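Good morning, and thank you for making time for this presentation. Please have the sequence and the model in view while I speak.

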Amino acid sequence: MRRLPPVAITAIVFVVGFALCTAQFPNFASTRVAANLLTDNAFLGIVATGMTFVIISGGIDLSVGSVIGFTTVFVALAIERLGVPPLVAFAAILMLCAAFGAAMGAIIHVFDMPPFIVTLAGMFLARGASFLMSTESTPISAPLYSTVSDFALRLPGGGRLTAIALIMLAVVAAGAVLLHFTRFGANVYALGGSRATTALMGIPVGSMTVRIYMLSSVLAGLAGIVFSFYTAAGYSLSAVGVELDSIAAVVIGGTLLTGGQGSVVGTLLGVMIQGLIQTYINFDGTLSSWWTKIVTGILLFAFIALQQAMLGIARRAGPRKAGVLKP
Amino acid sequence: MNAASDPGPALLEVRGLSKSFGTLRALQEVDFTLQAGEIHALLGENGAGKSTLIKAVTGVFPRDAGIVRLSGTEVALRSAKAAVDAGIATVYQEVNLLLNLSVAQNLYLGRQPTRFGLVREAEMRRNATALLAEFDLHIDVAEPLGTYSVAVQHIAAIARAVDQSARVLILDEPTASLDRHEVEILFAVMRKLATRGIGVVFVTHFLDQVYEICDRITVLRNGRLIGERKTDELPRIELIRMMLGRELAETTSERAAAQVRQAGELCARFEGYGKTGYVAPFDLALRRGEVVGLAGLLGSGRTETARLVFGAERADSGGATVDGKPVRLQSPRDAVAHGFGYCPEERKTEGIIADLTVRENIVLALQAKRGLAKPLSRSEQDEIAMRFIRLLDIRPPEPERPIGLLSGGNQQKVLLARWLATAPRVLVLDEPTRGIDVGAHAEIIRLIRELCDDGLALLVISSELDEIVTYSDRVIVLRDRSHIDELEGEAIDISNILAAIAASSTIGAEAG
Ligand SMILES: Nc1ncnc2c1ncn2[C@@H]1O[C@H](COP(=O)(O)OP(=O)(O)OP(=O)(O)O)[C@@H](O)[C@H]1O
Ligand SMILES: [Mg+2]
């Protein structure tokens, strides 16, 4: 519907960025770089999809980075120490994440607490719990792991579209359908518009809140599994700060930080822009990788300023465009 | 009382309903009975408890005591959703729907047509277009609701509820921002629903509308049931007495004869003032001690004119002078600096700050005008707040109550107080009596006259033609976003205004 403009700007930024990189490094524009971009940011794409739902609904989820860390440790210990089959471990951790997210959503709704506080507590809780389980990095050597990391769709030009990249693309696609084409998705936008009004319109606000945070935590768990494939290890310090990276991706993707507007495709582009900067730095070889953070910060600032400006314009020109009634 | 002799169980029965907010007893042992197929007015002063009754019945507020029966079966509704599921659709007083969603999504939120779990967007839009067409509203339903005027938003809210009302339709002041034509359409729809056996509860402060459409009337006062009558057995005087608990001092809908006031000195003048695509250039002179009324249909450019005058919108042609000196009114700030005040129509969204107290809301504009360097002392604030609470009869008279907890009408009085407190030289009032009860209505009209006698220049917008006729010294008639006529003195009466609106029917040429 009306979600085009901010996403279009994100897309333009991405294309221009890619073109600039290609201008400097001729072999940048290859399927290899593109495929790596997807693989390296697969886990971020998955959490950011969940974060998109949360932010559009007017909330925030600070716990996702810790949930990823917890998941990698949980999965590693279950498989390596307890000998649990990987798929069973995955199912268990996803259920645990679902319960965790549901609990946060329920607390937010029932006690009418700010999501910021509740998920901040969730962040400490999940990180603390992963330290309790193990403080060391646990390598995972289950056969499934080597199978998955060997699997790839070969693209013309030498690129390898890995399993985890495919999982991420599938999550983004499913997320986009859920957000834009279902009642659930419409309710997410409604909540971001106004909680009170949504409740008066007869939408079950409480169960929606629970389900949204559940979705975010489950996707964080899935991102954790993907992360463990990526690193073939479980470590309690992994994915520190990823909650902020994903919030940045969502906002750069054109989603309104105050809720009510945004899109999943935009978020994917936001993730890719962050990946692009990182890849540029890798190509350059001399720059510190902290430049990623600096450029992301600048972009974030620019996008928030842009949104404010557009909101301002919309408000000025605003609500009296039409509705002239015939007498 | 007479329930025993009734033929069958009523459609909706409320018995002994009580509800307190802290120490405030908003409803005490209220009974209410709605029969199938009737249109039932729920009346009372601002703060009488009408909205609270509706919310307690539909499960938005938990109730302290009392039962609700639907067709004889007791129901315990715990949320707005439960009420909708039980067949009770409601337009709450404060509902504005969701401005970020499309019109179609607003109409069908939570009940969109789906196939395999996916919303059928095209079908939903078709249905939405058809539904709004019943209300004679022809707009692009794929656009966000926020791009349309408040009136359109209200019609959308009503249309949604009408479409959902399986058994009962409750409308809490639905006509407050609609004009005659739309009200007529709404009434036609209400009648149609009633003949289908749906019970309609209708809250309003427009007594004419009550007598036009309602079969029965229930009156509340101070949270208590005063009585239930058939409309045709209840004379208007008696109804007002039931609502106010006293006689209304005077009838206000007569043009005061002594109104041939001396036009005071010129205060502000606008020449060729306009903005392309917004309002056609107009000339407007505001004199001290004079009320200029703006009349016209919804969307005719009344509010737009007010916003231009107040600098909320920038003019791109013409010029303005205040006291003979040319001024630039680029923003509301400029306007305030020149002694302008503006009480907007969209008080809900543009006006109140729900978490601040009544006192803080009242002194807000005055403080802003004085600048932060010169804070009002607490005792000054208390004094100002109490003065306006008394003057406008704001209830409950507690300056320290958060404004969000006041009834709709009392919130509006607070906003009016905010601008009066700044003692402006030019005051623009957009629909000053919307949602305000009969008693306070008379007070506000009296206040408008007094303000003028004190030398204020007033520009008042109202859809109530008899109201405009009552207090205006000049009336400007608008149509299709341009000023088309100006009536003065003896020429001001309702039929002349209507004639002016109708006469310039050059629609075809400009529409679209
Ligand atoms: N949420 C709330 N918390 C505390 N007090 C409230 C709340 N809602 C309403 N009240 C109080 O309850 C009383 C009844 O308010 P209500 O909104 O029902 O009035 P009303 O009859 O609808 O008036 P109006 O015509 O102005 O809309 C008022 O005194 C109001 O201040
Ligand atoms: Mg009310």
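B:Ser51 belongs to helix H1 (residues 50-57) of chain B, while B:Gln93 sits in the loop between strand S6 (88-91) and helix H3 (103-108) of chain B, so the pair ties together parts that are 42 residues apart in sequence. Helices (H or I, at least four residues) and strands (E, at least two) are DSSP runs, numbered from the N terminus. Both B:Ser51 and B:Gln93 are buried; that word means under 20% relative accessible area, with exposed over 50% and partly exposed in between, using a 1.4 Å probe and protein chains only.

Some conventions apply throughout. This is a predicted model, in which local features need pLDDT of at least 70 and side-chain atom pairs count only at pLDDT 80 or more, whereas totals for chains, interfaces and linings use all residues. Residues are numbered from 1 along each chain as its sequence is written, chains are lettered from A and ligands numbered from 1 in the order in which they are written, and side-chain values use heavy atoms, with hydrogens and water left out.

I turn to ligand 1. Surrounding it are 22 residues, the closest being B:Gly47, B:Ser51, B:Thr52, B:Ser407 and B:Gly409; a residue counts if one of its heavy atoms lies within 4 Å of the molecule. Which side chain places an N or O atom 3.0 Å from an oxygen atom of ligand 1? It is that of B:Asn46. Polar backbone atoms also take part: that of B:Ala48 is 3.2 Å from an oxygen atom of the ligand, and that of B:Leu405 is 2.9 Å from one. A polar contact is a pair of N or O atoms within 3.5 Å; within protein, one must be able to donate a hydrogen and the other to accept it, and residues adjacent in sequence count only if both atoms are side-chain atoms.

Two strands pair if DSSP finds at least two bridges between them.

Contact means heavy atoms within 4.5 Å. Axes are lines fitted to C-alpha atoms, for helices over the stretch in contact, and angles run from 0 to 180 degrees between N-to-C directions.

A further open sheet of six strands in chain B has the order S18-S19-S20-S15-S21-S22, again with mixed pairing. Its edge strands are S18 (340-343) and S22 (482-488) of chain B, each pairing on one side only. Neighbouring strands of this sheet are turned by 15 degrees against each other on average, direction ignored. Helix H14 (residues 408-421) of chain B packs on the sheet, touching S18 and S19 of chain B, and its direction makes about 180 degrees with that of S18(B).

**Strand S21**

How many of the six residues of strand S21 (residues 474-479) of chain B are buried? Six of the six are, so the strand is largely enclosed by the rest of the structure. B:Arg474, B:Ile476 and B:Leu478 cover one side, and B:Val475, B:Val477 and B:Arg479 the other. Strand S15 (residues 291-295) of chain B runs parallel to S21(B) over four bridges, with B:Ala295 partnered by B:Val477. S22(B) runs antiparallel to S21(B), joined by six bridges, and B:Arg474 has B:Glu488 as its bridge partner. These two strands, S21(B) and S22(B), form a hairpin with two residues between them, where B:Asp480 in the turn has a positive phi of about 45 degrees.
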